[in-house]
Amino acid sequence: MAEPMSHTHQQLGYHSQAASASSAALDASDTDSLTGYERDGERETDRPSLTLPRWLLHKRLLSDYATLAVLGAIALVTNTVFKPFERPIDAAVLADVDLRHPLKQNIVPTWALGLTSFAAPLLINAVAQAAVAQSVSAAGVFKRVFRFALSLSLTLLLTVISTNMVKKAVGRFRPDFLDRCQWSVVAMACTGDPAVVREGRVSFPSGHSSFAFAGSTLLALWTARMLNLYSRPNGFQGALFGRRRAAGQRGSLESGQSEHRNHRGDGGGAFEDSFSKQAPRGLSRAGRFYVLVLSFVPMWAAAYIAITRLQQFVHHPTDVLSGALLGSCIALVVYSTQFWREQSISSVL
């Protein structure tokens with residue numbers, strides 16, 4: 001009788017460990033869907049928290065400030081000091097009908113571009129953080145928004161530098177170049193304003209498109225990550241499929257759970273507690289559909305900005321497409337290092 005009893009206790013121990021593991025997994029999933037970052041809730045509650053001024057002056061953040069300052073200086077240099085490559089103006093250029101469009105004023109001014117690419121994503125991020133992070137303090141929400149602001153600044157600065165470098169190196173004529181140039185047959189040179197003529201040589205890629213799509217893409221990727229739309233059924237998917245998954249796990253551990261409850265003398269258990277929390281919490285946050293919709297507002301604005309560059313005849317279609325692709329790729333790179341695996345400054349929480 002000793003061996004059967006020992007075997008029974010081993011089974012009970014195994015099922016107890018499996019139930020604890022399942023409970024931990026579900027609780028971690030719920031934390032993921034709540035915070036949008038892996039184990040972020042644990043960091044904020046388990047680790048000693050820094051006061052906000054000390055957090056803002058943390059050495060990791062200071063290094064990020066310095067990096068952004070250096071990138072800002074580089075962006076300024078590439079925009080003002082570097083001169084565009086000057087392609088020769090020959091008979092083929094003068095006869096090109098694609099370069100004869102009239103010079104027009106910007107449909108979307110620079111200040112509106114800044115609002116769409118930086119202010120709007122930052123505001124939407126703040127609203128989303130406050131709406132989703134139900135159990136996080138106001139200071140915690142501020143830290144996450146500030147963290148996103150740093151990553152957004154990094155994205156936009158890298159986009160500006162990359163766009164300026166390509167623009168100046170390629171030196172492609174804008175569709176309105178000849179109107180800017182005011183070509184003189186007598187002087188065999190452009191007689192227009194030198195600054196305006198120089199600006200007509202930086203068509204590829206579109207800076208408006210790259211800048212607009214960089215900010216909007218980072219926001220869209222971050223929101224999708226926060227809602228756990230990429231992989232395992234957490235967050236939004238957990239709200240829809242959490243019952244099915246939990247039911248399957250409950251069926252596989254049904255006998256062990258029953259014996260474990262009888263052994264403990266209670267009527268529930270950690271597994272059922274976590275299951276009862278999983279679906280209702282996910283369903284109670286179904287309003288995050290609005291957060292997902294909000295994340296696409298800057299994408300629509302970015303697409304509109306790109307289209308206006310074609311309407312204004314300051315860019316060729318390939319300029320706009322390449323700019324949108326460049327900004328989106330840079331946003332993807334920054335997102336993958338700052339948010340996907342919870343690296344960099346997120347660990348200071």
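**Close-up 1. Packing of helices H7 and H10.** Helices H7 and H10 are roughly antiparallel to each other, a term for angles over 145 degrees, with under 35 counted as roughly parallel, 65 to 115 as roughly perpendicular and the rest as oblique. The model is predicted: local features need pLDDT of at least 70 and side-chain atom pairs count only at pLDDT 80 or more, whereas totals for chains, interfaces and linings use all residues. Residues are numbered from 1 along each chain as its sequence is written, and side-chain values use heavy atoms, with hydrogens and water left out. H7 and helix H10 (residues 207-226) pack at an angle of about 150°, and their axes are 9 Å apart. The axes are lines fitted to C-alpha atoms, for helices over the stretch in contact, and the angles run from 0 to 180 degrees between N-to-C directions. Helices (H or I, at least four residues) are DSSP runs numbered from the N terminus, as are strands (E, at least two).

**Close-up 2. Packing of helices H6 and H7.** The axes of H6 and H7 are 10 Å apart and form an angle of about 155°. That angle makes H6 roughly antiparallel to H7. H6 passes H7 in a right-handed crossing.

**Close-up 3. Salt bridge between Arg172 and Asp319.** The structure holds 3 salt bridges, each defined as a side-chain nitrogen of Lys or Arg within 4 Å of a carboxyl oxygen of Asp or Glu. In one of them, Arg172 pairs with Asp319, with the closest N and O atoms 2.8 Å apart. Arg172 lies in the loop between helix H7 (138-170) and helix H8 (177-181) and Asp319 in helix H15 (residues 317-340), so the pair ties together parts that are 147 residues apart in sequence. Arg172 is partly exposed at 25% relative accessibility, whereas Asp319 is buried at 0%. Buried means under 20% relative accessible area, exposed over 50%, and partly exposed in between (1.4 Å probe, protein chains only).

Close-up 4. Arg174 and Glu199 meet through their side chains in a salt bridge of 2.9 Å, N to O. This pair links distant parts of the chain, 25 residues apart: Arg174 is in the loop between H7 and H8, and Glu199 is in helix H9 (residues 194-199). Arg174 is buried, with a relative accessible area of 3%, while Glu199 is partly exposed at 40%. Asp176 forms a salt bridge with Arg180, in which the closest N and O atoms are 2.9 Å apart. Asp176 is buried at 0% relative accessible area, and Arg180 also counts as buried, at 9%.

**Close-up 5. Nonpolar surface patch.** Leu123, Val127, Val293, Leu294, Phe296, Val297 and Trp300 make a nonpolar surface patch of about 650 Å². Patches consist of residues with over 30% relative accessible area and no salt bridge, joined within 9 Å for like charges and within 5 Å for nonpolar side chains (Val, Leu, Ile, Met, Phe, Trp, Tyr). Helix H6 (110-132) and helix H14 (288-311) each supply at least two residues of the patch, and H14 gives the most, with 5 residues. Val127, found in helix H6, is partly exposed at 42% relative accessible area.

Key:
Accessible areas come from the Shrake-Rupley method with a 1.4 Å probe; for residues, only the protein chains shown count as cover. A crossing is left-handed if the near helix is turned anticlockwise from the far one by less than a right angle, and right-handed if clockwise.
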